Amino acid sequence: MLAYLTGVLAIRRLSPQVAGVLACLEAVVATVLAWVLLREHLSAPQLIGGAVVLAGAFVAQTSTPKAVDGQAVAGSAPVARTADETAGQAG
């Protein structure tokens, strides 16, 4: 219970992007530990699935979020607007 609680409290301090990647990697790390420490045998689908999860984590960590319809993405600099766009939003 203490380990779970401290894990949850630690994840709350991370950015959403890092916390999401960490959550995805938990299963892969547990599988690798079972393979190394317990001499578990992994089948081809399990190895492929682990590779897909690792590739997804890499893409998530290296990708840059894009703004949608001129709105700023959380944590990024505000998007510059033209005078026409600003005037159109006033009404």
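The following conversation concerns a predicted model of one protein chain.

User: What elements does the protein chain have, and in what order do they run?

Analyst: The protein chain has 4 helices and 0 strands, and from the N terminus its elements run α-α-α-α. Helices (H or I, at least four residues) and strands (E, at least two) are DSSP runs numbered from the N terminus. Residues are numbered from 1 along each chain as its sequence is written.

User: Which element has the lowest mean pLDDT?

Analyst: Helix H4 (residues 83-90) has the lowest mean pLDDT, 56, whereas H3 has the highest, 89. The protein chain averages 79, and 70% of the residues score at least 70. Here pLDDT is the predictor's confidence in each residue, from 0 to 100. Where pLDDT is low, the predicted coordinates should not be read in detail.

User: Changing topic, what lines the largest pocket?

Analyst: Its lining consists of Val28, Thr31, Val32, Trp35, Leu42, Gln46, Leu47, Gly50, Ala51 and Leu54. A pocket is an open set of points on a 1 Å grid over the protein atoms alone, where a 1.4 Å probe fits, with protein on both sides within 12 Å along at least five of seven lines; lining residues have an atom within 4 Å of a point.

User: Which helix supplies the largest share of that lining?

Analyst: H3 does, with 5 residues. Helix H2 (16-37) and helix H3 (44-62) each supply at least two lining residues.

User: And how many of the lining residues are charged?

Analyst: The lining has no charged residues, but 7 nonpolar and 3 polar ones. In this scheme Ala, Val, Leu, Ile, Met, Phe, Trp, Tyr, Cys and Pro count as nonpolar, Asp, Glu, Lys and Arg as charged, and the others, Gly among them, as polar.

User: Where is valine 28, and is valine 28 buried or exposed?

Analyst: Valine 28 is in helix H2 and counts as buried because its relative accessibility is 15%. Buried means under 20% relative accessible area, exposed over 50%, and partly exposed in between (1.4 Å probe, protein chains only).

User: What does valine 28 touch?

Analyst: Leaving aside residues up to four places away in sequence, valine 28 touches Gly50, Val53 and Leu54; contact means heavy atoms within 4.5 Å. The C-alpha atoms of valine 28 and alanine 51 are separated by 8.9 Å.

User: What about arginine 39, buried or exposed?

Analyst: Arginine 39 counts as exposed, at 70% relative accessibility. Arginine 39 lies in the loop between H2 and H3, and its phi is near 55°, a positive value in a residue other than glycine.

Notes: Predicted model: local features only at pLDDT ≥ 70, side-chain atom pairs only at ≥ 80, totals over all residues. Heavy atoms only, no water.
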